[in-house]
Amino acid sequence: MTSDAAPAPARARREQILATAAELFAERGFHGVSVADLGAACGVSGPALYKHFASKDAVLAEMLVSISEHLLAGGEERVAAADGPADAVRALVDFHVAFALDQPALIVVQDRDWASLPAEARERVRVLQRAYVEVWAAQLRALDTGLGAEASRAAAHAAFGLVNSTPHSARASRERMRELLAAMACRALGVAPAPAQVEMSG
């Protein structure tokens with residue numbers, strides 16, 4: 001994660017590097033992008049990147065750890081604010097759909113380049129992702145008390161698979177895709193979609 005103690009210009013530059021790297025990694029793959037490529041895309045020399053990140057591996061590590069931290073924190077916030085498990089599931093679906101539509105490059109990189117992470121970062125991402133799955137699974141079990149732990153986690157993963165296909169399947173406007181995907185995911189999870197979702201998907 002970026003350091004909150006870093007000066008604002010340095011934080012902004014790190015965020016720019018991460019955003020640019022996500023697009024390049026998604027397009028070419030992690031191993032298809034050099035430090036020089038990344039520097040050129042950011043408007044700096046390759047070696048200048050080392051002022052912000054120790055290596056290209058460090059860029060990927062911060063990118064994917066940050067994604068996982070963001071998803072877990074956002075999921076927990078939405079569950080805490082929800083009025084019961086059905087409302088929580090709808091809120092989780094809406095949150096994840098918005099993330100997938102807003103950050104398609106990160107979805108691609110996370111899916112394809114996870115194995116390229118350094119071991120420590122890979123384990124951190126794994127722990128965060130398991131915790132995020134459990135946020136969903138706990139609400140699904142609260143919604144259906146007959147659903148076991150394994151099945152609830154499998155259902156959460158299935159919903160992620162549907163929503164995370166967005167970088168490959170989006171064919172409509174962002175708003176229509178958001179409503180459509182949210183309605184489909186809610187129905188798959190046994191939750192009635194919000195009225196707007198039903199109207200858009202009907």
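How far apart do the end C-alpha atoms of residues 11–71 lie, and how much of that span is helix and how much is strand? In this predicted model, the end C-alpha atoms of residues 11–71 lie 20 Å apart, and the span is 69% helix and 0% strand.

## Annotated regions

The stretch in the opening question is one that carries a label from a record: an unreviewed UniProt entry places the feature "domain: HTH tetR-type" at residues 11–71. The UniProt annotation "DNA-binding region", also from an unreviewed entry, covers residues 34–53.

## The chain as a whole

The secondary structure of the chain consists of 10 helices and zero strands, so that reading along the sequence gives the pattern α-α-α-α-α-α-α-α-α-α. The C-alpha trace spans about 55 × 35 × 30 Å along its principal axes. For a chain of 202 residues, a compact globule would have a radius of gyration near 17 Å, and the value of 18 Å found for this chain agrees with that.

Of the 202 residues, 42% count as buried. When contacts between residues at least 6 apart in sequence are considered, 65% of them join residues at least 24 apart. The accessible surface comes to about 9,900 Å², of which 55% belongs to carbon and sulfur atoms.

Is D113 buried or exposed? D113 counts as buried because its relative accessibility is 5%, and the cut-off for a buried residue is under 20%. This residue lies in helix 5, which covers residues 104–113. Leaving aside residues up to four places away in sequence, D113 touches F25, G29, F30 and L60.

T166 is placed in helix 8, which covers residues 166–169, and with a relative accessible area of 3% it is buried. Not counting residues up to four places away in sequence, T166 touches A100, L101 and L181. T166 and V97 are 69 residues apart in sequence, while their C-alpha atoms are 8.6 Å apart in space.

## A partly exposed residue and an exposed one

V79 lies in helix 3, which covers residues 56–81, and its relative accessibility of 22% means that V79 counts as partly exposed; the partly exposed class lies between the limit of 20% for buried residues and the limit of 50% for exposed ones. V79 touches A88, L92, V135 and Q139 when residues up to four places away in sequence are not counted. From V79 to R90 there are 11 residues in sequence, and the distance in space is 9.7 Å, C-alpha to C-alpha.

Where is G190 found? G190 is in the loop between helix 9 (174–188) and helix 10 (195–201). With a relative accessible area of 59%, G190 is exposed, because the cut-off for that class is over 50%. G190 and D144 are 46 residues apart in sequence, and their C-alpha atoms are 8.9 Å apart in space.

Note on methods. Residues are numbered from 1 along each chain as its sequence is written. This is a predicted model: local features need pLDDT of at least 70, side-chain atom pairs count only at pLDDT 80 or more; totals for chains, interfaces and linings use all residues. Side-chain values use heavy atoms; hydrogens and water are left out. Helices (H or I, at least four residues) and strands (E, at least two) are DSSP runs, numbered from the N terminus. The radius of gyration is taken over C-alpha atoms; the globule rule is 2.2 Å times the number of residues to the power 0.38. Buried means under 20% relative accessible area, exposed over 50%, partly exposed in between (1.4 Å probe, protein chains only). Contact means heavy atoms within 4.5 Å. Accessible areas come from the Shrake-Rupley method with a 1.4 Å probe; for residues, only the protein chains shown count as cover. UniProt positions are given in the numbering used here, feature names are shortened, and annotations may be inferred rather than shown by experiment.
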